[in-house]
Amino acid sequence: MRRDMVSSAMGDPVGGTSIGFIGLGLMGEPMARNLLRAGTSLVVWNRTRSKCELLGNAGAVVAENAAEVFARCEIVILMLLDGTVLDGVLERHSSAFIERIPGHTLINMGTMTPAYSKALAGEVRGAGGRYVEVPVSGSRKPAEAGQLVAMLAGEPDDLARVRPLLLPMCREVIACGVVPSALHMINLVTGLAEAMHFAEAHGLDLGRFVQVLDSSPMASDVSRIKAAKLLARDFKAQAAIGNVLYNNQLIMEAARTAGIASPLLDVCHALYAETEALGLGGADMVAVLRAIEERSNGAV
């Protein structure tokens with residue numbers, strides 16, 4: 001789909017009004033700029049106002065505060081550092097939050113813990129809004145080039161509505177299910193990599209093995225995409241090892257705080273750290289296969 005077709009593809013989802021964008025930091029600024037280049041009308045705001053100037057010069061409307069963004073836009077993209085910052089911007093747990101959320105769709109593109117995202121989604125829906133979690137894989141350069149990889153989670157109707165909006169920022173958009181599924185991919189992909197390694201070590205036909213996986217009751221869009229990459233040993237990044245390692249750390253910390261055992265996450269964290277140590281921090285998360293292979297080589 002051509003990027004200049006985004007507006008028509010969305011069926012004018014917000015009645016011709018602008019899209020809000022809050023958070024113009026290292027990643028947010030180039031992401032918002034790509035939306036402007038695609039012809040999206042933006043209302044932007046950042047806690048450090050000077051960071052709004054480049055976007056204002058490029059055609060965005062610069063809001064005085066976050067409340068103005070919500071007053072002018074039904075869909076608001078949030079690209080913020082962490083949950084503490086997001087809570088502050090939304091004025092969560094206050095009457096202001098309850099007043100501004102109804103009728104709005106929040107697109108959270110920052111990386112938060114799954115527990116945080118799930119709780120926020122429930123509060124947004126409870127207040128009469130909609131919530132889509134869209135963590136992205138990539139750094140400043142892919143953000144500038146519109147080459148991020150987005151992992152969507154939310155209600156199906158909401159995903160269909162916002163997906164075209166993401167195209168100017170992302171080269172690939174992967175639907176992962178309901179919130180917080182986009183933040184729960186780590187165990188799935190690590191398990192796939194280990195299964196592929198096991199099959200190869202036992203001389204199985206890998207193409208047929210992937211066919212069996214794809215036809216199983218546990219198959220999903222994500223597992224099919226990642227299994228195909230494993231089969232081809234295609235390590236071109238969709239979700240990079242470095243990003244996944246960071247996300248894994250966030251989830252582990254949340255588990256520790258809650259007093260929850262996380263043995264699979266612990267193993268995943270070790271494997272992704274070993275993969276990064278192999279110089280594959282920028283490779284796709286399926287490159288964890290290389291760390292598993294290294295462990296096998298060491299066990300011989």
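Select Glu-91 to begin, a residue of this predicted model that counts as partly exposed because its relative accessibility is 37%, where buried means under 20% relative accessible area, exposed over 50% and partly exposed in between, computed with a 1.4 Å probe on protein chains only. Glu-91 forms a salt bridge with Arg-100, and their closest N and O atoms are 2.9 Å apart; a salt bridge here is a side-chain nitrogen of Lys or Arg within 4 Å of a carboxyl oxygen of Asp or Glu. Show Arg-100 as well, which at 10% relative accessibility counts as buried.

Before moving on, note that residues are numbered from 1 along each chain as its sequence is written, and that side-chain values use heavy atoms, with hydrogens and water left out. Local features need pLDDT of at least 70 and side-chain atom pairs count only at pLDDT 80 or more, while totals for chains, interfaces and linings use all residues.

Next, select Glu-293 and Arg-233, a salt bridge whose closest N and O atoms lie 2.9 Å apart. This pair links distant parts of the chain, since Glu-293 sits in helix α15 (residues 288-299) and Arg-233 in the loop between α12 (221-232) and α13 (241-257), 60 residues apart; helices (H or I, at least four residues) and strands (E, at least two) are DSSP runs, numbered from the N terminus. Glu-293 is buried, with a relative accessible area of 12%, whereas Arg-233, at 37% relative accessibility, counts as partly exposed.

Glu-294, at 36% relative accessibility, is partly exposed, and so is Arg-290, at 24%. Then select Glu-29, Arg-33, Arg-140 and Glu-144, which salt bridges with shared partners join into one network. The structure holds 17 salt bridges.

**The open sheet**

Now display the strands of the open sheet of 6 strands, which has the order β3-β2-β1-β4-β5-β6 with parallel pairing; two strands pair if DSSP finds at least two bridges between them. Its edge strands are β3 (61-62) and β6 (130-133), each of which pairs on one side only. Within the sheet, select β1 (residues 19-22) and β4 (residues 75-78), which run parallel and are joined by 4 bridges, and look for Gly-20, which stands opposite Val-76 in β4.

**The nonpolar cores**

Finally, select Ile-22 and Tyr-272, the residues with the most contacts inside the largest nonpolar core, which has 60 residues; such a core is a set of buried Ala, Val, Leu, Ile, Met, Phe, Trp, Tyr and Cys residues joined through side-chain atoms within 4.5 Å. Helix α10 (residues 186-201) gives the most to this core, with 5 residues. Apart from it lies another core, of 32 residues, and Leu-42, Met-79, Leu-152 and Cys-170 are among them.
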